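Hi there,

Here is the structure I promised to pass on. Have a look at it first, and my notes follow below.

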Amino acid sequence: MTFHEPLRPLLLSVRRRWRAEVALRAIGRSSALAAAPILAAAGIVMWLAPDDGALTLLAVAACLAGLAAIVVSAWQSWGRPSDRQIARFIEERVATRADVQPLDDVLVSAVDAGASDASEETGDFRRLVMESAVRRLEAVSAASIVTTRALGRAALSAAAGVIVLAASVAVAWP
């Protein structure tokens, strides 16, 4: 059990919502990027009407370029943010809200204090930092940090990217 256990539910919930938003945006971005080489290949086929060998080569190149776009986009959004990164993210989001007092690095300090090795002398300080963070976060929820609206926009982005990819495949289909 870590010292910052009282903060764990908020950190986990924000991480989960943030990862969902990042994943949805990555799906939209990678789908749209994968559609570009497919549409380019379809345009080349319609414009140049290549023979069978060149057509096969073009189709393979378009598929590989689309797959590369998906892999690069997924790779960039991969990775699990640390508790410290999530704490910084929460503090930045809270600072933009007028209805909540800014956290002024109290959450990051609490996470850092919880991650460090405790000694007898620092235990009281760590407890005070933790209590301050818990008290300041009473008005903050994961849904106020990563809003349902932001998740909806990310889902819309994912749907739009998939629709663009499906449409490009439909256009390019022989």
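In which helix does E91 lie? E91 belongs to helix α3. Please keep in mind that this is a predicted model.

E91 has a relative accessible area of 6%, so it is buried, the cut-off being under 20%. A polar atom of its side chain lies 3.3 Å from the backbone nitrogen of D105. D105 is also among the residues that E91 contacts once neighbours within four places in sequence are set aside; the others are L103, V106, L107 and V108.

Helix α3 also has a part in the one aromatic pair that the structure holds. The rings of W18 and F89 have centres 6.0 Å apart, and their planes are at 55°, so the pair counts as tilted. Because W18 sits in helix α1 (residues 8-48) and F89 in helix α3 (residues 83-95), the pair ties together parts that are 71 residues apart in sequence. As for accessibility, F89 is buried at 14%, while W18 is partly exposed at 24%.

Helix α1 also meets helix α2 (residues 52-76): their axes come within 8 Å and cross at roughly 165°. That angle is over 145°, so α1 runs roughly antiparallel to α2. The crossing is right-handed. On the α1 side, the residues making the contact include A26, L33, P37, I38 and V45, and on the α2 side they include L55, L58, G66 and I70.

Definitions and conventions
Residues are numbered from 1 along each chain as its sequence is written. This is a predicted model: local features need pLDDT of at least 70, side-chain atom pairs count only at pLDDT 80 or more; totals for chains, interfaces and linings use all residues. Side-chain values use heavy atoms; hydrogens and water are left out. Rings of Phe, Tyr and Trp (its six-membered ring) pair if their centres lie within 6.5 Å; planes under 30 degrees apart count as stacked, over 60 as edge-to-face and the rest as tilted. Helices (H or I, at least four residues) and strands (E, at least two) are DSSP runs, numbered from the N terminus. Buried means under 20% relative accessible area, exposed over 50%, partly exposed in between (1.4 Å probe, protein chains only). A polar contact is a pair of N or O atoms within 3.5 Å; within protein, one must be able to donate a hydrogen and the other to accept it, and residues adjacent in sequence count only if both atoms are side-chain atoms. Contact means heavy atoms within 4.5 Å. Axes are lines fitted to C-alpha atoms, for helices over the stretch in contact, and angles run from 0 to 180 degrees between N-to-C directions. Angles under 35 degrees count as roughly parallel, over 145 as roughly antiparallel, 65 to 115 as roughly perpendicular and the rest as oblique. A crossing is left-handed if the near helix is turned anticlockwise from the far one by less than a right angle, and right-handed if clockwise.
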